[in-house]
Each structure stands twice: as structure tokens, then as C-alpha cells.
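Subject: Structure handover

Hello,

Here is the structure I promised to pass on. Please open it first, then read my notes below.

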Amino acid sequence: MQAMVLNRLGGPLVWSDLADRQPGPNQIRVKVAACGVCRTDLHVVDGELAHPAVPIIPGHEIVGRIDAIGAGVEGLRLQQRVGVPWLGHTCGTCQYCRSHHENLCDDPLFTGYTRDGGFATATIVDARFAFPLSETGSDEALAPLLCAGLIGWRSLVIAGDGKRLGLYGFGAAAHILAQVAVWQGRAVFAFTRPGDTTSQAFARNLGAIWAGGSDEMPPEALDAAIIFAPVGDLVPAALKTVRKGGRVVCAGIHMSDIPGFPYNLLWEERQLVSVANLTRQDGIDFLGLAPQIGIITTTRRYPLRQANEALADLRVGRFEGAAVLVP
Ligand SMILES: [Zn+2]
Ligand SMILES: [Zn+2]
């Protein structure tokens, strides 16, 4: 197999020939057809997350086909198309696993972070954490659903059912989530980097009724706002836009420091929460709904060997939608 390997924090990823791996008990091997590039991959490469484990193969938005099955795996077959998300393994016994909060498991493994991921031609997966996919939709189009879509979905559920929804950072997650929210009958307000009129036009094309810079106020108070950009300054900015009792959801795994802000931004029962990881139920719910919603992902395709270019382009916001690596 070949892979783009992170040998030291800070990168770059290095094209590597590796010995083929065999699935152990309860594992499958997936021949990767497409793997999305997520902002979390940047945080992994930059060494911004706790517990870095290098060398590691990043990538946790994997679509591929099963080409080997280990002992004890049930309900999956060779050549079946599957999606592999960020949550790669849970202990099954901690208080969180036992209470339907496996996203908070005390002893988890995360794909492309603490176990090898999908910036590769093949990957070994805990079979219980692979989602069977139908044959509808291209591999490349589906890949961003596995994290941008899934974490976006969890964030949307936690944001509550308010009609007026703000999205800060109109990248891979927001471009999927805007379609979900519009389908649900919500009004979407998109906030981009100030002056980024291209992303604002992109947001309006996807159904946002308003789009502006993150330094602007929306025309009406919002019921909830979700922050996808890893920018702590957006927390007080978003709190300013939500009504009394409104909620601000931080959806990223990492954020720059949140500056101090006056208590009156939080006062009147405004809520500030974060979303961490996903549960398998989130995947079942969202991937089941996605075909009904008719989500259309905007993707920029890169050959696997150009993973570093894809990461660099993501860092500076050089494309709309999501980058996808194809072996
Ligand atoms: Zn656990
Ligand atoms: Zn991700």
C-alpha cells in the first residue's frame, strides 16, 4: 500500500510505500476510493491536538470498498462500499459508552489521529465503526459527508430547532449544513472572513438568506449560531448575534484563545457549548437522511500524492466546499 505519512509534527506528509496490512479480528481492510480533507487534519499536522502519535496517516472522511475481512466480522461483505469516520474505536465499557455518549469515550481511537486513516490506498478499520453506504452518489461526493457532514449534523442537532441559524466559517461543513438547514425550513445566515465575497456568494447559492463578514451583524437576531472556523474571536461575535436564550455551538476540535468579553453577552440565558466527535447513531441518522435531502457537495479533487497541496489550499481558503484526495 501507499500512503501520505506524517512522520513529524509540522509536516510535510511524505509519500511512502508500506507493507500491505491484514485485518485482525473484528477489523476490515478498506481499499480507499476517496478521502476528504478536514480542518482537523491541519490541526493534526500542525501538532495542535493533545496526544499526537507520529508517524500517522491522516484522513478521516474515507469512502472505499472492503477488500479483506477479519475474523468475527458480521454483516459486511467483500466489495461493499463503506464510509469510515473520525470515531475509529470506543471502549464500550466507560460511563460515556454505556450512556449513549460514546463520542466522549474515555479510551477512544480516532481515525487519522490516533489510528491510521485514509490518506492512503488502503486502511484497516474496526468493522463496527464503518458505515455501509448505498451505491448512490460518487465516492468523491460522499467523502465530505463523513466528517464535515456528520459533525455538522451533530452540531445542528445540538443547536436546537430554532428557525434562524447562523453559520460562522463557510467551508466544507457549513456548505453541507446549509443545505440540511434549508431543507428543514430554517433561515441560514452565513458569516465568512470579512471581504470574502466569493464565499458569501457561494453561501447564497446554497440557500443562505443573508451572507456577510463575521464582523457584521445579521439583519435580525438569531436563535442559534454554529462556529466552524477555528477562531476564538468569533465566540463573542456570535454571542452578540443570538437572541435571549439563544445558543452558540463551537463545532471545531481546536480554536485559538477566546478573548475576554462582557458578561452581558452571555446573560439572559444565552448558552455556549461545544460539540465533540460523533456517535455511530449520528452517522446512521445523518447518512440515512442525506439522500432524501439531496445534498450536493462541492469538491476540489487532488491526487493522493498532492495531499500537502490540498492542506495548504485549505489553510488559506483557496477553494469553496471540500478538498478530496483520490488515490
Ligand atoms: Zn468508552
Ligand atoms: Zn473532520
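Predicted model: local features only at pLDDT ≥ 70, side-chain atom pairs only at ≥ 80, totals over all residues.

For reference, the ideal angle for four tetrahedral donors is 109.5 degrees.

Cys-91 has a relative accessible area of 27%, so it is partly exposed. Cys-97 is at 17% and therefore buried. The cut-off for buried is under 20%.

**Zinc ion (ligand 2)**

The donors here are Cys-38 (SG), His-60 (NE2) and Cys-147 (SG). They lie at 2.0 to 2.2 Å from the zinc ion (ligand 2). Their spacing along the chain is C-x21-H-x86-C. Cys-38 and His-60 link distant parts of the chain, 22 residues apart. Cys-38 sits in the loop between β3 (27-37) and α1 (39-46). His-60 is in the loop between α1 and β4 (62-69).

Are Cys-38 and His-60 buried or exposed? Cys-38 has a relative accessible area of 13%, so it counts as buried. His-60 is buried too, because its relative accessibility is 0%.

Water is not among the atoms, so sites may look incomplete. Please remember that when you set up the site of the zinc ion (ligand 2), with its donors Cys-38, His-60 and Cys-147.

**Largest pocket**

The largest pocket holds about 1000 Å³ of space. It is lined by 49 residues. Closest to its centre are Arg-39, His-43, Phe-228, Ala-229 and Pro-230. Elements that give two or more residues to the lining are α1, α3 (148-159), α4 (172-183), β11 (187-192) and α8 (307-316).

What is the make-up of the lining, by nonpolar, polar and charged residues? It divides into 28 nonpolar, 16 polar and five charged.

Best wishes

Terms used. Residues numbered from 1 in each chain as written. Chains lettered and ligands numbered in written order. Heavy atoms only, no water. Buried < 20%, exposed > 50% of the residue type's maximum accessible area, 1.4 Å probe, protein only. Donors = N, O, S within 2.8 Å, 3.2 Å for Na, K, Ca; no water. Helix = DSSP H or I, 4+ residues; strand = E, 2+ residues; numbered from the N terminus. 1 Å grid on protein atoms, 1.4 Å probe; cavity = no way out; pocket = protein on both sides within 12 Å on 5 of 7 lines; lining within 4 Å. Points joined across faces, edges and corners; volume = space filled by probe spheres on them. Nonpolar A, V, L, I, M, F, W, Y, C, P; charged D, E, K, R; others polar.
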